[in-house]
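Welcome! Please take a look at the sequence and the 3D view below, and then we can walk through some of the details together.

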Amino acid sequence: MKAFLFDLDGVIVDTAHFHYQAWRRLANEKLGFDISEEFNENLKGVSRTESLERILAHGNTTLDEGTKAAYATLKNEWYVELINKMTPDDILPGVKVFLEKTRQSGIKIGLGSVSKNAKPILEKIGIVEDFDVIIDGTKISKGKPDPEVFLKGAQELNIAPHECVVFEDAVAGIEAGKRAGMKTVGIGQAEVLKEADIVFPNLVNVEIFELLQALF
Ligand code: BG6
Ligand code: MG
């Protein structure tokens, strides 16, 4: 195994919750309905514009293109207000140690996020330097479940997809990893991430040797 490719939102930091908060505020204040945490699972890993489309369909609402663009921008402004307060203390438990163990094992480290805010978040939490490659929403044209983000990561590292393992909290992200021909590690609940090869609640105490043995 030569590379580990990590999703950002929900794997490295708890921003999946901030995305939900900002979309929920938009649904409540502008669209006149609520979105549940369960529905929010459908938004994880999905691009900003596709998330809004899914929310509108969920609420049986249609909007003209101009209003959609304005609402996507508004959601992002609220989201950025939330992430602006982030510090290295917001790195999820187990992540730093797991990245160190990965580095010590000689395995390359990549980021595969469809978020256009990925780079500023990594800077705020102080871990840009930990990544050999960063693929974010500014470098891709298709969100997850399309495999583009992970295939690009493997390509930039010059490593074959089957030698990569994807770490994901999203159903769409697990599908993207599988479609890229990679092994997938779910971070979250096994009932939700049914298609993942293996699922952990978080990266605390995850041992690389044992993980690779379970995967191969
Ligand atoms: C993903 C999140 O990482 O990025 C999605 O899981 C989000 O919820 C997507 O919609 C796009 O993010 P952004 O920051 O560019 O709106
Ligand atoms: Mg995620």
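In which hand, left or right, does H1 pass H3? The crossing of H1 past H3 is right-handed. Keep in mind as you read on that this is a predicted model.

Helix H1 covers residues 15–31 and helix H3 covers residues 48–58. Their axes lie 12 Å apart, and the two helices pack at an angle of about 50 degrees. Angles from 65 to 115 degrees count as roughly perpendicular and those under 35 as roughly parallel; H1 and H3 are therefore oblique to each other.

Now bring in helix H4, which runs over residues 65–83. The axes of H3 and H4 come within 10 Å and cross at roughly 110 degrees, which makes H3 roughly perpendicular to H4. Here too the crossing is a right-handed one, with H3 passing H4.

The remaining pair to look at is H1 with H4. Their axes come within 9 Å, and the crossing angle is roughly 135 degrees. That makes H1 oblique to H4. The crossing of H1 and H4 is right-handed.

Asn 60 has a positive phi of about 50 degrees, although it is not a glycine.

Further along, look for Pro 145 in the loop between strand E3 (133–135) and helix H7 (148–157). The peptide bond leading from Lys 144 to Pro 145 is cis, and its omega is near 15 degrees.

## Around the ligand

Finally, turn to ligand 1. Which residues come nearest to ligand 1? Among the 14 residues around it, the nearest are Asp 9, Val 46, Arg 48, Ser 115 and Asn 117. The shell around ligand 1 divides into three nonpolar, seven polar and four charged residues.

Some of the contacts can be followed atom by atom. An oxygen atom of ligand 1 lies 2.6 Å from an N or O atom in the side chain of Ser 115. For Asn 117, an N or O atom of the side chain is 2.7 Å from an oxygen atom of the ligand. With Lys 116, a polar backbone atom takes part, at 2.7 Å from a ligand oxygen. How much of ligand 1 does the protein cover? On its own, ligand 1 has 390 Å² of accessible area, and the protein covers 96% of this.

Terms used:
Residues are numbered from 1 along each chain as its sequence is written. Chains are lettered from A and ligands numbered from 1 in the order in which they are written. This is a predicted model: local features need pLDDT of at least 70, side-chain atom pairs count only at pLDDT 80 or more; totals for chains, interfaces and linings use all residues. Side-chain values use heavy atoms; hydrogens and water are left out. A residue is near a molecule or strand if one of its heavy atoms lies within 4 Å of it. A polar contact is a pair of N or O atoms within 3.5 Å; within protein, one must be able to donate a hydrogen and the other to accept it, and residues adjacent in sequence count only if both atoms are side-chain atoms. Accessible areas come from the Shrake-Rupley method with a 1.4 Å probe; for residues, only the protein chains shown count as cover. Ala, Val, Leu, Ile, Met, Phe, Trp, Tyr, Cys and Pro count as nonpolar, Asp, Glu, Lys and Arg as charged, and the others, Gly among them, as polar. Axes are lines fitted to C-alpha atoms, for helices over the stretch in contact, and angles run from 0 to 180 degrees between N-to-C directions. Helices (H or I, at least four residues) and strands (E, at least two) are DSSP runs, numbered from the N terminus. Angles under 35 degrees count as roughly parallel, over 145 as roughly antiparallel, 65 to 115 as roughly perpendicular and the rest as oblique. A crossing is left-handed if the near helix is turned anticlockwise from the far one by less than a right angle, and right-handed if clockwise.
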